[in-house]
Amino acid sequence: VVVEFLIGPQHYYPPPPKPLPGITVVTVTHNDEATIRDTIESVIGQTHAHVQYVVVDRGSTDGTRAILDEYRDRIDKVVDDEPATTSTTDALIKAYNLATYDVLGKLDAGDVYEPGGLTRVAEYFRDHPTYKAAVFGEAVSDSGWRLPVAPTETPDVVRLLAQGKDA
């Protein structure tokens with residue numbers, strides 16, 4: 001007597017991983033000629049497949065606009081925000097309204113991402129689907145010491161404010 005036991009294919013192979021979420025990165029700049037190139041290079045050099053990059057220039061009068069023009073074919077959206085009297089918050093809101101992806105990141109002009117950094121952020125949000133926001137970071141001094149900051153969930157600020165609570 002031969003008895004065969006069949007197990008469905010789901011038992012032979014682990015389930016495929018969930019896809020990584022896309023990330024929209026926003027940079028607001030104003031007269032950041034000395035640092036904006038490094039910021040742009042750190043974003044466009046990321047290996048994560050789904051990154052949208054939005055840069056809002058708040059009326060720079062130095063060489064910032066010329067640098068942005070050099071990269072216009074590799075930055076998804078460049079917004080020339082005139083006049084420079086709009087606030088940084090207004091510029092961020094304008095940029096976030098252009099976002100294609102659900103995960104939003106803000107990178108200040110002069111700051112940079114480590115290679116592969118956005119892939120790690122996407123993996124984190126994929127693996128923590130209930131998180132609405134998280135803080136990632138690492139402080140690096142000019143002398144080279146590093147203080148890593150582990151990703152942590154932040155409060156659901158919108159929900160707290162809707163309930164009349166301080167965030």
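1. Contact here means heavy atoms within 4.5 Å. On that basis, residues 24 or more positions apart account for 66% of the contacts in the chain with a separation of 6 or more. The model is a predicted one.

2. Overall make-up. The chain has 167 residues, and buried residues make up 30% of them. Its secondary structure comes to five helices and six strands. Along the sequence, these follow the pattern β-α-β-α-β-α-β-α-β-β-α. The chain exposes about 10,800 Å². Carbon and sulfur atoms supply 55% of that area.

3. The sheet. Four strands form an open sheet, and their order is S3-S2-S1-S4. The pairing is parallel. Strand S3 (77-80) and S4 stand at the edges. Each has a single partner strand, so one side of each is left without a neighbour in the sheet. From one strand to the next, the twist averages 20°.

4. The S1-S2 pair. Strands of a sheet pair through backbone hydrogen bonds, either parallel or antiparallel. S1 and S2 pair in the parallel sense, over seven bridges. Ile-23 has Val-51 of S2 as its bridge partner. Val-26 has Val-54 of S2 as its bridge partner.

5. Strand S2. This strand spans residues 51-57. Six of the seven residues of S2 are buried, so S2 is largely enclosed by the rest of the structure. Helix H2 (residues 64-71) packs on the sheet, where it touches S1, S2 and S3. The direction of H2 makes about 155° with that of S2.

6. Helix H3. H3 lies across S1, S2, S3 and S4. It runs at about 150° to S1. Which residues of helix H3 (residues 88-96) are buried? They are Ala-91, Leu-92 and Ala-95. Seen down the axis of H3, these buried residues fall within an arc of 100°, so they line one face of the helix. The buried residues of H3 pack against S1, strand S2 (51-57) and strand S4 (103-106).

7. Asn-31. Most residues other than glycine have a negative phi. Asn-31 has a positive phi of about 55°, although it is not a glycine. Where does Asn-31 sit? Its place is in the loop between strand S1 (23-29) and helix H1 (36-44). Asn-31 is partly exposed, with a relative accessible area of 31%.

8. Aromatic rings. A pair of aromatic rings is described by the distance of the centres and the angle of the planes. With ring centres required to lie within 6.5 Å, the count comes to one aromatic pair. The rings of Tyr-124 and Phe-125 have their centres 6.3 Å apart. Their planes stand at 85°, so the pair is edge-to-face. Tyr-124 is buried, and Phe-125 is buried too.

Key: Residues are numbered from 1 along each chain as its sequence is written. This is a predicted model: local features need pLDDT of at least 70, side-chain atom pairs count only at pLDDT 80 or more; totals for chains, interfaces and linings use all residues. Side-chain values use heavy atoms; hydrogens and water are left out. Helices (H or I, at least four residues) and strands (E, at least two) are DSSP runs, numbered from the N terminus. Buried means under 20% relative accessible area, exposed over 50%, partly exposed in between (1.4 Å probe, protein chains only). The arc is that of the directions from the helix axis to the C-beta atoms. Rings of Phe, Tyr and Trp (its six-membered ring) pair if their centres lie within 6.5 Å; planes under 30 degrees apart count as stacked, over 60 as edge-to-face and the rest as tilted. Two strands pair if DSSP finds at least two bridges between them. Axes are lines fitted to C-alpha atoms, for helices over the stretch in contact, and angles run from 0 to 180 degrees between N-to-C directions. Accessible areas come from the Shrake-Rupley method with a 1.4 Å probe; for residues, only the protein chains shown count as cover.
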